[in-house]
Amino acid sequence: MEKDRQQWSSHISFIIATVGSAVGLGNIWRFPYIMGENGGAIFLLTYLLLIGFLCVIPLCCELLIGKIHRTDTVSAFEKINPKFKWFGWLCILTVLLIPCFYFVVGGWIINYIWIFLSNNIPDNFTNYFSSFSSQTWVPCILTLFFLFLTAIFPYKGVNKGIEKANNIMMPMFVIMLFIMALYAISLPGAKEGLTFMFKPDFSQFDKQMILTALGQALFTLSIGMGAVLTYGSYMREDTNIVKSAYTLIICDTLIAITAGVMIFPIVFSFGVTPSAGATLAFISLPEMFAQLPFPTFFGFIFFVLLFFAAITSGISMLETAIASFINQFKMTREKATIITSSIIAIISIPATLSFSILGDFKLLGKTFFDFLDYATSNILLPFNTLLICLIAGWCIKSLWKDNFGETFFGYAFNILLKFIAPIVLIFVLISGI
Ligand code: PHE
């Protein structure tokens, strides 16, 4: 099955697909509210430094491992050393658990697209959201529907499915995001919103904020679960790793900042606190859209762009698991897609129901939905990233020398990879737990 392994048809398709994987709910929904809770511009500055100097290291490692071994996550770690095969499976476990809560939000997005499209805008979104998410059937069906829509693309293959989906959806996403951002800066609260975003308040600088910024950076770059590795394994021979890594980082960050430029002016125009948290996208923002001119149009565009962001990320989650199932169990892509989707379907139902009948079922004091988010973002992602750095730094002979040579970048990469990144990640892990 490895013989007919597919490749991106061009370098630009590879970049678009990796940006599609990285840009997701993490950028549009999570980044602005986390920035709101952590002092705006000072958070942005810390985040930029972390993502540019530290997170780029594991990102390059995943791309390199993918490019060198040209295979799925489990087989790649097995090839490095058969002792590490279990770690490949841990990455697959992580990438199977993330969609189990991520796709629940995907289901909500579909519902919101529908209410704006059909012009059935509720009077009070707080009541609406809590009564909608606490239903039993509708959210479950929508979660499964979102899963189904996502699975179509990896089912069709790398070129005919994944590449095509990204090449169509990502440009549309960017256009919609710019329309929304331009609209937002024409609102009366624009100046206040932009000042909040770009003027640092140094008093907010503390350890917790740094850790939050790092966790967000790992999540948004899809590092630590083999997704980048898998997309990297379809890379063309002549692709430059460092350039690709920085292109990805720059695109992902610009999109997250543009999402902030879209959201903060709206928030300040209505005097809502920017730290309204996870409910910002599903309660505060739609409520504001409803009061602005052309509510149906802008509400619809906002949720469609959120949908594109979520589905292109979802595709990469599924593909990571599917690629490993194909190779490890010698099955067809179609069968692997069905099995992967079935596993996610089974686990995502209780996650959907944690807003209704399973609301009292708690793990570590959290609902099942929150537990999945916490276990993956705070524990599995930093832990896996730590292991990727340790394996790439200490168990692959002269990874840095072979790929970057004895240059300044090569030496810096080596020191960051072997010592600095692992130490920082251990701190993140300890404080996350
Ligand atoms: N990076 C995506 C986001 O920001 C999330 C993601 C996680 C995507 C894991 C792929 C794999 O939303």
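This is a predicted model: local features need pLDDT of at least 70, side-chain atom pairs count only at pLDDT 80 or more; totals for chains, interfaces and linings use all residues.
Residues are numbered from 1 along each chain as its sequence is written, and side-chain values use heavy atoms, with hydrogens and water left out.

View 1. Welcome to the ligand, which has 14 residues around it, the closest being Ala-22, Gly-26, Tyr-102, Phe-219 and Thr-220. A residue counts as near if one of its heavy atoms lies within 4 Å of the molecule. At least two shell residues come from each of α1 (11-22), α2 (25-37), α10 (207-220) and α14 (295-328). Such helices are DSSP runs (H or I, at least four residues), numbered from the N terminus. The shell holds six nonpolar, eight polar and no charged residues. Here Ala, Val, Leu, Ile, Met, Phe, Trp, Tyr, Cys and Pro count as nonpolar, Asp, Glu, Lys and Arg as charged, and the others, Gly among them, as polar.

View 2. Look for Ala-22, where a backbone N or O atom lies 2.9 Å from a ligand nitrogen atom. A polar backbone atom of Phe-219 is 3.0 Å from a nitrogen atom of the ligand, and for a backbone N or O atom of Thr-220 the distance to a ligand nitrogen is 3.0 Å. On its own the ligand has 320 Å² of accessible area, and the protein covers 100% of this; such areas come from the Shrake-Rupley method with a 1.4 Å probe.

**View 3. The largest cavity.** The ligand takes up the space of the largest cavity, as more than half of its atoms lie within 2 Å of the grid points. On a 1 Å grid over the protein atoms alone, a cavity is a set of points where a 1.4 Å probe fits but cannot get out, a pocket is an open set with protein on both sides within 12 Å along at least five of seven lines, and lining residues have an atom within 4 Å of a point. The largest cavity holds about 130 Å³ of space, a volume being the space filled by probe spheres set on the points, which are joined across faces, edges and corners. Its lining has 15 residues, with Ser-21, Phe-219, Ser-222, Ser-313 and Met-317 closest to the centre.

**View 4. The second largest cavity.** This cavity has about 80 Å³ of space. Among its lining residues are Leu-25, Trp-29, Arg-30, Phe-369 and Asp-373. The largest share of the lining, five residues, is from α2. Seven nonpolar, one polar and two charged residues make up this lining.

**View 5. The largest pocket.** About 480 Å³ of space lies here. Of 20 lining residues, Arg-30, Thr-212, Tyr-374, Ser-377 and Asn-378 lie nearest the centre. With six residues, α16 (368-395) gives the largest share of this pocket's lining. The lining divides into six nonpolar, nine polar and five charged residues.

Note on methods. A polar contact is a pair of N or O atoms within 3.5 Å; within protein, one must be able to donate a hydrogen and the other to accept it, and residues adjacent in sequence count only if both atoms are side-chain atoms.
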